[in-house]
Amino acid sequence: MEEKQILVKIRDQRGIGEKLPEEVKAREGIELGEFMENLPLPGGPGYYTILHNGKIAERGKKLETGDEIGILPLSVGG
Amino acid sequence: MKTNENKFLFVDLSNSKIWIEEPDPVFCRTFLGGRGWALPYLLRNLKPKTDPLSPENILAVTTSVISGARGPAMPRVIVCSKSPLTGAFGESEAGGFWAPGLKKAGFGAIFIMGKAPGPVYIWIKDGSVEIKEAGHLWGLETGETQDIIRKELKESRARVLQIGPAGENGVLYANIVNELAHFNGRNGLGAVMGSKNLKAVVVRGTGEVTTSDPEKVKEINTWTAKEGIEKPLGEILRRHGTIPLVRTFQEVGALPTRNWTRGVFSRGEEISAENLHKTIYIEPKGCFSCPIRCKRRAKVENEKFKVDPRFGGPEYETIGALGSILEVSDPYILAKANELCNRYALDTISLGMTIGWVMEAVERGHISKEECDGLDITFGNGEVLIPLIEKVVKRQGIGEKIARGSKRFAQELGLEGEDFLLEVKGQEVPMHDPRIKTGVGLQYALSDYGADHIVAPHDTVFATKDSPGIKEGSMLGVFEPVDPLSLGPEKVRLFYYMDLYWSLVDMLGFCTFGFVPRGPIPVEMMVDLVKAITGWPVSLWELFKAAERTIHLARIFNLREGFTPDDDRLPKRFFQNFNNGPLEGKGGIDEEKFQQAIHLRYKMMGWDPETGKPLPERLYELGLGEFAEKN
C-alpha cells in the first residue's frame with residue numbers, strides 16, 4: 001500500500017550552514033521528534049531551538065500538512 | 001624569561017607598601033585561581049560589614065594556575081571584592097588580554113588595599129612594580145586613558161585594566177575594562193577601584209608561560225581551531241556572537257520587553273542579528289589565543305552618531321537591557337549608548353534595568369516629569385538614553401539616583417515591594433527569563449553575587465536526549481534530559497552540578513562560551529588542559545571539589561554580612577504569567593515549588609535547610625575546617 005505523505009514548511013533561522021529547503025515531504029503520522037532527526041542538522045536537533053507552528057515544539061506531537069517548523073539558535077546563555 | 005609562577009602581589013595604596021608572597025603550591029592546586037584564591041584571603045582579612053567603598057575593602061585581581069598558557073578560550077581575569085551594589089561577595093570575569101599579561105609578568109594575583117592620597121595607577125613589568133601618579137588621567141574616558149598610558153610608558157603593548165569616569169564617580173554598577181572592550185561587569189567593582197583612587201593596573205609581561213606538556217596543549221588548540229569552530233555552537237558564536245538570542249527569545253515569546261511586562265517586542269526585528277549586522281556591526285575580534293572570536297564590534301559614521309569600534313559592540317545582554325527592556329529599537333542609538341557606557345565603563349544591564357524601572361515608575365505616576373529633570377523617560381524613547389547616560393556618569397539630577405541602582409531608588413520611594421522591581425540581592429536581573437528556564441531562576445535567586453546568568457545551567461542545553469548537555473556532557477554526570485520548566489529534584493541536581501561546573505570554569509579563567517555544553521570544546525579537554533599546563537594529574541572530581549569549596553566560602557562571606565535565606569529569592573514578576581505572544585497566559589513560576597527547590601538545594605549542599613548555613617561536617621569534608629570554626 002502506498003504511504004501517504006504530508007508537506008511540512010521549514011523556516012531555517014539558524015544563520016549557519018547550508019539553508020534547509022523551505023518545504024519537506026514526510027510520511028503521514030510522523031512525530032515531530034522523528035521528523036527533526038531526519039533533517040540534516042549539524043549536531044542534531046538538540047542543538048537548536050525548535051518551534052512548531054510558532055510555539056515551543058513537543059517531540060511527540062504528530063505533524064500535519066502545512067505545519068511550520070522554525071529552527072533557531074539554542075539559548076546557551078550570554 | 002620562562003615562568004609559570006603564581007606569586008601574589010600585595011599593594012597597600014594608603015602607604016605605597018608593596019610586597020610579594022609565594023603561595024603554597026598545595027593552596028594553588030586546592031583553590032586553582034579566581035575566587036578560589038580571593039575568598040580565603042578576604043575572609044581572613046576583611047572585617048564583616050566593611051563599607052565596600054572604604055579604604056578597608058580589598059580588591060583581588062586574579063588569574064589562575066593555567067592562565068597565560070596558549071590554550072583556547074582561557075583569557076579571563078577574575079576580579080573579586082565586597083560589592084558596593086549588593087553588599088555581598090562580588091566577582092566578575094573578563095576576557096581580553098590582561099590576565100595572560102600579568103602571568104607573563106610573573107604574578108598570579110594582586111591584592112589591593114587602602115586608598116591612595118590622590119589618583120594613581122600600578123605599573124607592572126616583568127616582575128617589577130611601581131605606583132605612578134595619575135592625576136592627569138582622572139576624569140578621562142577609557143580610550144584616552146589607554147592611549148596616554150601606553151605613550152608615557154613607551155609600551156604600545158602594555159595591557160591596561162582600568163576604570164572610567166563611572167568608577168571614579170562611584171556609580172554603583174561601574175565596570176573595570178581591559179583593551180577597551182572586555183569588561184569585568186556587574187557588581188560595581190569599578191567603583192571599588194575608584195574609591196581607592198586607582199585608575200588603572202597596567203601590565204607588560206615579556207615572559208613565556210611554560211606548560212608541562214606543550215604538545216597536548218598544541219593538540220587541543222589545533223582541534224579547537226579546525227574542528228571546534230565548525231561545530232554548531234562554535235560556528236554560531238563565531239559568526240554571530242550572542243545576538244541571535246534576540247530572535248530565538250522573540251519567537252519563543254520570552255524576549256524581556258518593557259521592563260519584563262511582555263515577552264514579544266513589536267519592533268524586535270530591528271534589533272535582530274540580521275539587522276544589526278546590516279547596520280552597525282563590522283568584523284568581530286577575539287580574546288587571547290581564542291579562535292572562536294565571538295566579540296562583536298560596532299562602527300557608525302552617520303550625520304547623527306559616530307561610534308568607534310575600539311569600544312566593541314553591543315552583545316545580547318546590552319541589546320536586551322537598553323533595547324527591548326526599554327522598547328528602544330534604533331540600532332544606531334543602541335550602538336552609541338553602548339559605546340558611551342564602554343567609554344565610561346558602566347554596566348549596561350544594571351543601567352538598562354534601572355532606567356526600565358524608572359520608566360515604569362513614571363508610567364505608574366510614582367515619578368513626575370519634573371523629577372526626571374524635564375527628560376521624557378518613557379518606554380520607546382531612545383533619544384533620552386544619551387543625555388541620561390551622561391547624567392548617570394556625572395551623578396547629576398535623576399542620574400544620581402539611577403547611579404545607585406534600582407533597589408536603592410525604589411527604597412527611597414517606598415516602592416521596594418512592588419512587582420516592577422527586578423533585582424536579587426540588589427543586582428538587576430540579566431536578560432534570560434526564568435519562566436522558560438527555571439534553572440536560571442534558581443541561579444538568579446541563589447547566586448552569591450546577585451542575579452547572574454553566567455553560572456546558571458541554561459536548561460535548554462539539557463532539554464532533550466540530543467541536547468549538547470546530554471549528548472556531549474556525560475562527564476558532568478547528567479545522563480537524562482531535564483524539562484526546562486521543572487523544579488523537581490532532577491532540576492535541583494542539575495543546578496547543583498552545573499553550579500560546580502561553571503564556578504570551576506570561572507575560577508580557572510576559562511571562557512564560558514568555550515566549553516560543552518555552551519561551546520564546542522569537550523569537558524575532557526578542559527581537564528586535559530589543566531593537566532598539560534600544570535603537570536598535576538588532576539581529575540574532574542578534584543576540580544569540582546575546588547569549585548565546591550568556593551561556593552561554601554562565598555556563602556560564609558554573605559552570611560557574615562547579614563544575608564539570610566530571605567535574600568535567596570526571585571522577583572515577583574517571574575511568578576506572573578506572560579502578557580503577550582505565544583506564551584500569553586502561561587509561564588508564571590509556581591512560588592511554592594520554587595521555595596521547595598531552594599530548600600532542597602540547601603540540603604544537597606549540606607547547608608542547614610532553615611538558615612542556609614553550611615554545616616561544619618561539610619566544611620571539614622572540603623578541607624575548610626578553619627572556616628567551620630569561625631562560622
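**View 1. Lys9(A) has Glu23(A) of β2(A) as its bridge partner.** Another residue with a partner in β2(A) is Ile6(A), which is bridged to Ala26(A). In total, five bridges join β1 (residues 5-12) of chain A to β2(A), and the two strands run antiparallel. Strands (E, at least two residues) and helices (H or I, at least four) are DSSP runs numbered from the N terminus. The model is predicted: local features need pLDDT of at least 70 and side-chain atom pairs pLDDT 80 or more, while totals for chains, interfaces and linings use all residues. Residues are numbered from 1 along each chain as its sequence is written, chains are lettered from A and ligands numbered from 1 in the order written, and side-chain values use heavy atoms, without hydrogens and water.

**View 2. The open sheet of chain A has five strands in the order β2-β1-β5-β3-β4.** β2 (23-27) and β4 (55-56) are at the edges with a single partner strand each, so one side of each has no neighbour in the sheet. The pairing within the sheet is mixed, two strands being paired if DSSP finds at least two bridges between them. The faces of β2(A) divide its residues: Val24(A) and Ala26(A) make up the covered face, and Glu23(A), Lys25(A) and Arg27(A) the uncovered one.

**View 3. The largest pocket holds about 970 Å³ of space.** On a 1 Å grid over the protein atoms alone, a pocket is an open set of points with protein on both sides within 12 Å along at least five of seven lines, a cavity is a set where a 1.4 Å probe fits but cannot get out, and lining residues have an atom within 4 Å of a point. Of the 34 lining residues of this pocket, Ile50(A), Ile56(A), Ala57(A), Glu58(A) and Pro484(B) lie nearest the centre. At least two residues of the lining come from each of α1 (32-37), β3 (48-52) and β4 of chain A and α9 (245-252) of chain B. β3(A) gives the largest share, four residues. Domain 2 (245-419) and domain 3 (438-630) of chain B each contribute at least three residues to this lining. By class, the pocket lining comprises 16 nonpolar, 11 polar and seven charged residues.

**View 4. Domain 2 and domain 3 of chain B have C-alpha centres 28 Å apart.** Their contact (heavy atoms within 4.5 Å) takes 18 residues from domain 2 of chain B and 14 residues from domain 3 of chain B. Chain B also has a domain 1, residues 2-209; the bounds come from an automatic or database domain assignment.

**View 5. The largest cavity has a volume of about 910 Å³.** Arg76(B), Glu93(B), Phe183(B), Lys295(B) and Glu315(B) are the closest to its centre among the 47 residues that line the largest cavity. Elements of chain B that each supply at least two lining residues include β12 (182-184), β16 (295-298), α11 (316-323), α12 and α13 (348-363). β6(B) supplies the largest share, four residues. The lining of the largest cavity has 18 nonpolar, 18 polar and 11 charged residues.

**View 6. Lys336(B) lies in helix α12 (residues 331-344) of chain B.** With 15% relative accessibility, Lys336(B) counts as buried, the cut-off being under 20% relative accessible area (1.4 Å probe, protein chains only). Neighbours within four places in sequence aside, Lys336(B) is in contact with Phe305(B), Lys306(B), Val307(B) and Ile386(B).

Note on methods:
Grid points are joined across faces, edges and corners, and a volume is the space filled by probe spheres set on the points. Ala, Val, Leu, Ile, Met, Phe, Trp, Tyr, Cys and Pro count as nonpolar, Asp, Glu, Lys and Arg as charged, and the others, Gly among them, as polar. Buried means under 20% relative accessible area, exposed over 50%, partly exposed in between (1.4 Å probe, protein chains only).
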